[in-house]
Amino acid sequence: MNDCIFCKIIAGEIPSRKKYEDDEIVIFEDIEPKANVHLLCVPKDHFAYLTELNDRRAEMLGRTFSKIASLAPSFGLEKGYRLIVNQGDDAGQTVKHLHIHIMGGQELPF
């Protein structure tokens, strides 16, 4: 998508503080952190909503959650973390490209 900020980050057109990248995802620091550690995990495949999942995307998300779990200690999240996926305007989704917030590094209020 030409106007998608996350697609531009993935393409290297916009700089980011990347923490991890492979063929399917990129993980980088959120520019407006809401916790001591606040990362965004973004699939390289552009889609906005979980309703757009197909078998391929669902399998990719399964691998993504496993990757997040394996990387959590390297992000300083040994004591726990929260994953958030906002879906739609009422949930506060400001970028219409599916992404997972990875938050922790402190006790998080509910």
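This is a predicted model: local features need pLDDT of at least 70, side-chain atom pairs count only at pLDDT 80 or more; totals for chains, interfaces and linings use all residues.
The strands are taken up at the outset. Five strands form an open sheet in the order β1-β2-β3-β5-β4, and their pairing is antiparallel. The edges of this sheet are β1 (18–21) and β4, each of which pairs on one side only. From one strand to the next, the twist averages 20 degrees. In general, the strands of a sheet pair through backbone hydrogen bonds, in either a parallel or an antiparallel sense. Between β1 and strand β2 (residues 25–29), the antiparallel pairing extends over three bridges. Glu-21 stands opposite Val-26, a residue of β2.

Strands β1 and β2 are also connected through charged side chains. Glu-29 and Lys-19 form a salt bridge in which the closest N and O atoms are 3.0 Å apart. This pair links distant parts of the chain, with Glu-29 in strand β2 and Lys-19 in strand β1, 10 residues apart. Glu-29 has a relative accessibility of 25% and therefore counts as partly exposed. Lys-19 also counts as partly exposed, because its relative accessibility is 43%. Both residues belong, together with Arg-17, to a network of salt bridges.

A search of the whole structure finds nine salt bridges. Side chains of opposite charge can pair when their charged atoms come close. One of the salt bridges joins Arg-56 to Asp-45, with the closest N and O atoms 3.2 Å apart. Here too the pair links distant parts of the chain: Arg-56 lies in helix α2 (residues 55–71), whereas Asp-45 lies in the loop between β3 and α2, 11 residues apart. Asp-45 is partly exposed, since its relative accessibility is 22%. A further salt bridge is formed by Asp-89 and Lys-96, whose closest N and O atoms are 2.8 Å apart. The relative accessible area of Asp-89 is 62%, so this residue is exposed. For Lys-96 the relative accessible area is 30%, and this residue is therefore partly exposed.

Two buried residues were examined individually. His-38 is located in strand β3 (residues 37–43). With a relative accessibility of 5%, His-38 counts as buried, because the cut-off for this class is under 20%. The side chain of His-38 reaches the backbone nitrogen of Lys-34 at 2.9 Å. Leu-108 is placed in the segment after β5. The relative accessibility of Leu-108 is 19%, so Leu-108 also counts as buried. Leu-108 and Gly-80 are 28 residues apart along the chain, and their C-alpha atoms are separated by 9.6 Å.

The surface was also considered. A nonpolar patch is formed there by Leu-50, Leu-53, Phe-65, Tyr-81, Leu-83 and Val-85, which together have about 450 Å² of accessible area. Among these residues, Val-85 is situated in the loop between β4 (81–84) and β5 (100–104). Val-85 counts as partly exposed, because its relative accessibility is 31%.

Conventions
Residues are numbered from 1 along each chain as its sequence is written. Side-chain values use heavy atoms; hydrogens and water are left out. Patches are made of residues with over 30% relative accessible area and no salt bridge: like charges are joined within 9 Å, nonpolar side chains (Val, Leu, Ile, Met, Phe, Trp, Tyr) within 5 Å. Accessible areas come from the Shrake-Rupley method with a 1.4 Å probe; for residues, only the protein chains shown count as cover. A salt bridge is a side-chain nitrogen of Lys or Arg within 4 Å of a carboxyl oxygen of Asp or Glu. Helices (H or I, at least four residues) and strands (E, at least two) are DSSP runs, numbered from the N terminus. Buried means under 20% relative accessible area, exposed over 50%, partly exposed in between (1.4 Å probe, protein chains only). Two strands pair if DSSP finds at least two bridges between them. Axes are lines fitted to C-alpha atoms, for helices over the stretch in contact, and angles run from 0 to 180 degrees between N-to-C directions. A polar contact is a pair of N or O atoms within 3.5 Å; within protein, one must be able to donate a hydrogen and the other to accept it, and residues adjacent in sequence count only if both atoms are side-chain atoms.
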